[in-house]
Amino acid sequence: MTSHDKPIAHLLARFAADQRANPMLVERFGEDIHGRIVDVLGNSLAATTTAVFPVTSTVVRTWGGAPHATAIGLNQRVPTASATFHNGTLAHALDFDDTHLPSVLHPSASVIPAVIATAEAVDASYDALVAAAAVGIEITNRLGMAGYDEALGNSVFFERGLHATSICGTLGSAVAVAMLLGGDQDVIGHAIGIAASMGAGLLEANRTGGTVKKVHCGWAAHAGTVAAELAVAGLTGPPTVLEGRFGFLQAHCGDRVDLAALTDDLGTGWTLGDVGFKPYPCNIYTHPVIDAALMLRERGITADQLDWVEAGVAKPTLRTIAEPPEKKASPTTGYEAQFSGPYAFAAAMLGGGGLGVGLQDFTDAAAVEPQRRALAGRVRMVESDTATAAFPRRISCVLRYGTQQGQEGEIAIPVNRGFGARTLTADEHLMKFRSNASTALPAPQVEALEKALQRLPQTSMTDLMSGLRELSPSHGSPDRKGY
């Protein structure tokens, strides 16, 4: 069970309650959380132009209820839990969301939408927003690490086909929302206990198709919000919900769990520094393959010169970006292309946008472009011992290639862009936001939103989202002015 005198949920709840009153938290993490809000809003605006937007916007409008929070892309408020579902879905829909290693979680895509909607609904201060977001992300990451098996070199969640992002993100979101709703330590603990019955997500869609994964983070944000609201209203959860015989970790990971990951250095050691930002809108396992292709282009080698390509990646990633080989070599939609190593290589060699590969490279039309398909068909995905040894603390690739002229070469990518020493610069962050936002908004409104986001520490989320509702997405009302 646990070596502590108190259940783990109690310790996490006490941590959350303590951090809410920590005056140093904004100084330490204010800039980081601000960057994650900007990243999530940019990703979400871009996702309003995709097929998932009318799905979730239709659903949340039919749900009805008291309007307290903004649904991105709509010029109206909806109930807070509805907004978190819609916005969390948009945050994850393009697979452009930040990532924690080695758990391979996307913590902000659920926690930040839950925080934004709740902070807007209760008109929370910026300090309260930062504390809730930092703690929610921290708990999400720690839950992911509790299911990380060092000997296996992978997440037990993923080995079982479970989407740890949505499962753990539900609990992280619940804690963040409970903090913003003013819940005390007991209420936060019950929010954890309730949310543990609500986290869900399966990864089969990554292998064989379907768009359900797009709503995983939306559902996590929604379920976490509902769990917190229920706890505030008086519902209770089991105290040993995390470590118990019929608890969260046993149910999802069996006996292969690291309970110490939940509480070691809690409050002193933080995981936010291990959460990197994605430069490319696709599954993170494809990123070092893209990095290698871009480097190949820098060497002056073009797609039509290539005779064969062998991309060596970590063994656990092959099931996501390489199997089944026939399907990965010829994706039929842009969404399928986001989870294809061969296509990612072709996109990087033949396309280009954003920070090297952009949203336009993952449209349905781009996915079936004959030249890209032909090049993807020449890419063989294999295991690299080096990449496997580094995984998942680093996502790496060893790319070998041969040209029609008989030239052979190798490119090693020890760590994917956006992480470690290759973290994105401030200019790259801004470029990503502008590129994403401009897919939904005209340039003057992107500039207005950018300026409003810069003022966020001095204003409220209520004011920011009010201005966002008044903007005019390309699919919305052209007479809206905003800010």
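Hello everyone, and here is where we apply that.

What we have is a predicted model, where local features need pLDDT of at least 70, side-chain atom pairs count only at pLDDT 80 or more, and totals for chains, interfaces and linings use all residues. Residues are numbered from 1 along each chain as its sequence is written, and side-chain values use heavy atoms, with hydrogens and water left out.

Let's start at Ser-108, in helix α5, residues 108–122. Helices here are DSSP runs of H or I with at least four residues, strands are runs of E with at least two, and both are numbered from the N terminus. Is Ser-108 buried or exposed? Its relative accessibility is 1%, so Ser-108 counts as buried; the cut-offs are under 20% relative accessible area for buried, over 50% for exposed and partly exposed in between, with a 1.4 Å probe and protein chains only. The side chains of Ser-108 and Asp-98 form a polar contact of 2.6 Å. Leaving aside residues up to four places away in sequence, Ser-108 touches Arg-36, Val-40, Asp-98, Pro-113 and Ile-137, where contact means heavy atoms within 4.5 Å.

Next, helix α4. Just after α4, Asp-95 takes a positive phi of about 55 degrees.

Now to the sheet. Four strands form an open sheet in the order β8-β7-β9-β10, with mixed pairing; strands pair if DSSP finds at least two bridges between them. β8 (379–383) and β10 (408–413) stand at the edges with a single partner strand each, so one side of each has no neighbour in the sheet. From one strand to the next, the twist averages 20 degrees. β7, residues 306–313, pairs with β8 in the parallel sense over five bridges, and Val-313 has Glu-383 in β8 as its bridge partner.

Finally, what lies across these strands? Helix α14 (residues 287–298) lies across β7, β8, β9 and β10, at about 130 degrees to β10. Helix α18 (residues 341–350) lies across β7, β8 and β9, at about 130 degrees to β8. Axes are lines fitted to C-alpha atoms, for helices over the stretch in contact, and angles run from 0 to 180 degrees between N-to-C directions. Thanks, everyone!

Technical notes: Polar contact = N/O pair within 3.5 Å; in protein donor to acceptor, adjacent residues only side chain to side chain.
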